[in-house]
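Have the model open and follow along.

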Amino acid sequence: MEKLLQWSTAQQSQDPELRAKAPAPDPKLLAQVLGADTGKDDTTLMKEDISVLVCNDPQISVDDKLTALEDFEILVQNLDNANNISPLGIWPEIAKLYTYEGEEQDEFRGLGALITGTAVQNNDKAQRDFLKSVGMEGMQRLLDLTSKENGFNVRARALYAISSLVAHNGLLYGLFAKTNGWKRLEGILSEDFCNDKKDNKVLLRSLSLLKCLLYDEITQENEAVKTSKEDRFSEAKSCGAFMTIIKKLSPDSHVEVNERIVNTLSYAALNKYTFSPEEISAMKEGLNKLSSAKITVDKDDLATLQKFL
């Protein structure tokens, strides 16, 4: 997809040399984006993409494999295609990407996480298929990708995948908790991030994960809730997640980071979370700093929090 964007940007340039140098996009990818009829159904295209990935033919380059994965990610944006991953037996191949080793390692690992997040987002069936096919091992591998040893893009995509998996899903939340997910998340939130594009991407994704972990569990008919909201808030409090993000309220933080923190704290307050005296004191200090620096946040979120200050 990035190559397609580079090509598209170059074609808009007034510099003929720049247009000529731009690498031509993959014809199949271009056809998908433009909505052209390739003559093949999506199931066939999904099979072909994964066949390229697992093929050992030396004539198939690393770029060919990456392009196939980019194609696949576009396909699973469609709900029916995402639900076909399991019947086609593809989840194990996606999970293998989380620990891929070799040339363009970060690209393969990141795409594996991205495909996962795209496929399971707001999709209960795909979430359950992931659980049945790769389960705890898959969750553990994704959590491993969030560590500082990985590049920022891999970390951000892994956090996105985990957020999409645990949102509203009690079973996958349970896996997250069993694999020390809360401790991992608090560790990420505690990092000394710089206010730059790369660090902010990871921090914002980690804040999104925190909020997804606090969402209500959605169950199927006659299915019991696996974890209560009280349990989730208790875990967040126990690992120090709320105090950690409160301390990040600062004029030096990116405006979206401050907004996301205030929104998460407001969500907790609306769901009857009881802030400790220490959390309230730190929150008051952080919000006062923002106010003094004339940094604004959502008025409704702020009004909710001010009831506790």
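Accessible areas here come from the Shrake-Rupley method with a 1.4 Å probe, and for residues only the protein chains shown count as cover. On that basis the protein chain has an accessible surface of about 15700 Å², with 49% of it belonging to carbon and sulfur atoms. Keep in mind that this is a predicted model, so local features need pLDDT of at least 70 and side-chain atom pairs count only at pLDDT 80 or more, while totals for chains, interfaces and linings use all residues. Residues are numbered from 1 along each chain as its sequence is written, and side-chain values use heavy atoms, with hydrogens and water left out.

Now the fold. The protein chain has 19 helices and 0 strands, where helices (H or I, at least four residues) and strands (E, at least two) are DSSP runs numbered from the N terminus. Take the contacts (heavy atoms within 4.5 Å) with a separation of 6 or more: 69% of them join residues 24 or more positions apart.

Zoom in on helix 10, residues 135-144. Its buried residues are Gly135, Gly138, Met139, Leu142 and Leu143. They sit on the same side of helix 10 because they cover an arc of only 135° around the axis, taking the directions from the helix axis to the C-beta atoms. What do they pack against? Their partners are helix 8 (105-120), helix 9 (124-133), helix 11 (152-166), helix 12 (170-178) and helix 13 (181-189).

On a 1 Å grid over the protein atoms alone, a cavity is a set of points where a 1.4 Å probe fits but cannot get out; a pocket is an open set with protein on both sides within 12 Å along at least five of seven lines, and lining residues have an atom within 4 Å of a point. Grid points are joined across faces, edges and corners, and a volume is the space filled by probe spheres set on the points.

There is 1 cavity of 30 Å³ or more, and the largest cavity holds about 60 Å³. Helix 9 and helix 12 are the elements giving two or more residues to its lining, which includes Asp124, Arg128, Gly170 and Glu217.

The largest pocket, about 230 Å³, has Lys284, Leu287, Val297 and Leu302 among its lining residues. Helix 18 (277-292) and helix 19 (299-306) each supply at least two residues, and the largest share, 5 residues, comes from helix 18.

Conventions
Buried means under 20% relative accessible area, exposed over 50%, partly exposed in between (1.4 Å probe, protein chains only).
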